[in-house]
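Have a look at the structure first.

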Amino acid sequence: MNSNEVIEMLISEFPFIKDELAENDHLEGLSHPVFSILFLPHIIKFCEMEDKESLKKLGVLLEKMECEGVMVQQVVNVSVLEDFIFDAPELVPILAKYLGDKTLKDLKYWIKRYKLNPLT
């Protein structure tokens, strides 16, 4: 799976990203920046608002991405999970409730790696 296909996965679940990507065409084809710059603020907002529908869709999307190979797993881990624990550590418990097994395992890895404790 290439970067454009990863971005298409995101757009298929969260179509509003397509408009944001059009406004930020310098990010086109760059999956890591699309997830960390364009989509991460929405993830934070979903958690702040406890938007269950969006968080459920997010959890399914991330878990699906975790099964798509190393490059896609790196997007989930580096551009979503790792960035999230630094940008919004207080919201980690909310996000964690909606993650699948593989994604939650990776989230816990990042928490342990940086010696954070946001899940308690």
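## About the model

This is a predicted model, in which local features need pLDDT of at least 70, side-chain atom pairs count only at pLDDT 80 or more, and totals for chains, interfaces and linings use all residues. Residues are numbered from 1 along each chain as its sequence is written, and side-chain values use heavy atoms, without hydrogens and water.

Helices are DSSP runs (H or I, at least four residues), numbered from the N terminus. Axes are lines fitted to C-alpha atoms over the stretch in contact, and angles run from 0 to 180 degrees between N-to-C directions.

## Helices α1 and α4

Helix α1 spans residues 3-13, and helix α4 spans residues 52-66. Their axes lie 10 Å apart, at an angle of about 160 degrees. That makes α1 roughly antiparallel to α4 (an angle over 145 degrees). The crossing is right-handed (the near helix is turned clockwise from the far one by less than a right angle).

Val6, Met9, Leu10 and Glu13 of α1 meet Lys57, Leu61, Lys64 and Met65 of α4. Contact means heavy atoms within 4.5 Å. The residues of this contact are 5 nonpolar, no polar and 3 charged. Here Val, Leu and Met count as nonpolar, and Glu and Lys as charged.

## Helices α3 and α4

Helix α3 covers residues 31-48. Its axis and that of α4 come within 10 Å and cross at roughly 135 degrees.

On α3, Phe35, Phe39, Ile43, Phe46 and Cys47 take part. They meet Ser54, Leu55, Leu58 and Met65 of α4. This contact divides into 8 nonpolar, 1 polar and no charged residues.

Technical notes
Helix = DSSP H or I, 4+ residues; strand = E, 2+ residues; numbered from the N terminus. Parallel < 35°, antiparallel > 145°, perpendicular 65-115°, else oblique.
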